[in-house]
Each structure stands twice: as C-alpha cells, then as structure tokens.
Amino acid sequence: MFQRELAYAALGTGFTCLATVLGAAMVFFFRRELSPLAQKLFLGFAAGVMVAASVWSLLIPAMEQAGQQAAPGTPQALAVGLPVCGGFVLGAAFLWMMDRLMPHLHLGSDKPEGLPAHLKRTTMIVLAVTLHNIPEGMAVALTFSVAAANPDKGAFAGAVALALGMALQNFPEGAAVSLPLKAQGVGTGKAFVCGALSGVVEPVFGILTVLIAGRLLAVMPWLLAFAAGAMLYVVVEELIPEARLGEHSNAGTISVLAGFLTMMMLDVFLG
C-alpha cells in the first residue's frame, strides 16, 4: 500500500514538474522575456491558485484527518487545533527561515536576499523559484498520497484538481525563469536547464515528505497544515506584493481572483 502512495505522489509531482519544464522550453520559441503586465498576471494567478489549494486541498483535509485520529475523550478543539494550527505556524516559520538564510534573487530585482554568497546570478534566480516550489511539491505529493490510501473517488479528484491548478501556474513560471535569463545573455540551452531545474524540487521534496508521512501516519495532519502555511507565506510575502507593484496593479488583483476561482472550479467539477 505504501508503494502505491509513493507512486501516486511521484505521478502528481512529476506532472507539475513537467509543466515547469514545458514552460521553460518556451525559450526555444521566443526571444523576448515576459512583459511586466504578463509577469503580474502570472504572479497573481499563482497566488490565487495557492490560496485556494491551501484551504481546500490542505487545511480542510488536515482538519478531517486530525479529527479521525483524535483519541476518545480528547476535546475536539485540542485534537484538531493543535496539529492544524501548529503545522501551519511551523510551515510559515520554515519558509521565513529559508527566505532569510538561502541566497536568492527574485526576477526583476538586483538586490540578492538571504545570506551573502558568491553565487552566479542565474543560480540565485533559480534558488528564488525553488523556494516557491518546495511547498507546492509537498502539497501535491501529500494530496496524492492521501488519495492513494482513500477509496473515496472524491479524494483522487481533489488531488487531480490540485495538480492541474499547480501545473497551470507552473507553466508560465518556467517561462518566467528561462526567458529573462536568455534576455540577459545566457545561452538558450542553459536558460532552459535553469528553468527546468526550478521545477525538479517539487518531486524531490514531495516524495521525501510522503516517505516521512508514510512512516508516521500521525504526523499527516501536521504535514498537510505545514504545506499550507509554507504556501501562504510565499503568497503573502512575495507573490501578491510583486503582482501589485507599479503599474497595472488592478490586473494583478484580478489575476489573483481568477486563480482562486479557477482552482475552486477545478475542485468543484472534478470532486
């Protein structure tokens, strides 16, 4: 049974990683990087998808599993609130710590963040996108793992909806890495590899998370909430502020709502 859960997790995260690779491949067809408006739209859409996914695909299942695992006589508020709230806070704290420690450089910025390091600009840009993809990989892998162990078809449909939503925002994310690198003088092949590598972290961290959860089923609610907290940290700290910077801020707001609505509709129709 555990092998089945790993296979499902690998399938889901492999699909979202493939979307990033295909997006990075746009460097072979286009010479110019994404316009500022297009970047705002993609960032806002990604934020909306991640907010909806955090609620429906992570926090609600975490609450349900915590309730099922509660020992008889344990107050519901404690049995559910401790793992869900605790995992959420730990996830946000983990991303906060990674944001402060890992050297990285956001697209369109000339000021590196994290600890000082003598790394190439391309490496730090890839690391910045990698930070976003860690909680995404965890989220997709965990939902597919839950679906593998759950006979309810709705669980698998929800996992598929999450993977589709993540893939929709990973495709432009891959292009948003490779195209600017090419515009800055990086070779086409290297720009593609950098964009593609930014998505590899999803199956890596996703499968590692499922391995931990599979050995200790009691931590599953914690891990689901952890992924939600990490994703929402990325949304609040980076995606929404960047989507609303400068001109076309209204477009960024609309794209956030569009991403949220898309993810919600996928979850409703496939569930």
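I looked up H3 and helix H7 (residues 220-243): their axes come within 6 Å and cross at roughly 45 degrees. The model is predicted, so I note that local features need pLDDT of at least 70 and side-chain atom pairs count only at pLDDT 80 or more, while totals for chains, interfaces and linings use all residues. Residues are numbered from 1 along each chain as its sequence is written, and side-chain values use heavy atoms, with hydrogens and water left out.

I wrote down the terms as I met them. Helices are DSSP runs of H or I with at least four residues, numbered from the N terminus. Axes are lines fitted to C-alpha atoms, for helices over the stretch in contact, and angles run from 0 to 180 degrees between N-to-C directions.

H3 and H7 are therefore oblique to each other. (Under 35 degrees is roughly parallel, over 145 roughly antiparallel, 65 to 115 roughly perpendicular, and the rest oblique.) H3 passes H7 in a right-handed crossing; right-handed means that the near helix is turned clockwise from the far one by less than a right angle, and left-handed means anticlockwise. I sorted the residues of this contact into 18 nonpolar, 4 polar and 4 charged. (Ala, Val, Leu, Ile, Met, Phe, Trp, Tyr, Cys and Pro count as nonpolar, Asp, Glu, Lys and Arg as charged, and the others, Gly among them, as polar.)

Next I turned to H2 and H3. The axes of helix H2 (residues 36-69) and helix H3 (residues 76-101) come within 9 Å and cross at roughly 140 degrees. That makes H2 oblique to H3, and their crossing is right-handed. Contact means heavy atoms within 4.5 Å; on the H2 side I found Leu-59, Ala-62, Met-63, Ala-66 and Gly-67, and on the H3 side Gln-76, Ala-79, Val-80, Pro-83, Val-84 and Phe-88. These divide into 9 nonpolar, 2 polar and no charged residues.

Then I checked H2 against helix H4 (residues 121-149). The two pack at an angle of about 45 degrees, with axes 11 Å apart. That makes H2 oblique to H4, and the crossing is left-handed. H2 gives Met-50, Ser-57, Leu-58 and Gln-65, and H4 gives Glu-136, Ala-139, Thr-143 and Val-146. By class I have 4 nonpolar, 3 polar and 1 charged.

At 1.5 Å a residue, its 34 residues should span 50 Å, and the end C-alpha atoms are 47 Å apart, which agrees. (The expected span is 1.5 Å times one less than the number of residues.) H2 has a kink of about 35 degrees, centred on Ser-54. (The bend at a residue is the angle between axes fitted to the seven residues ending there and the seven starting there.)
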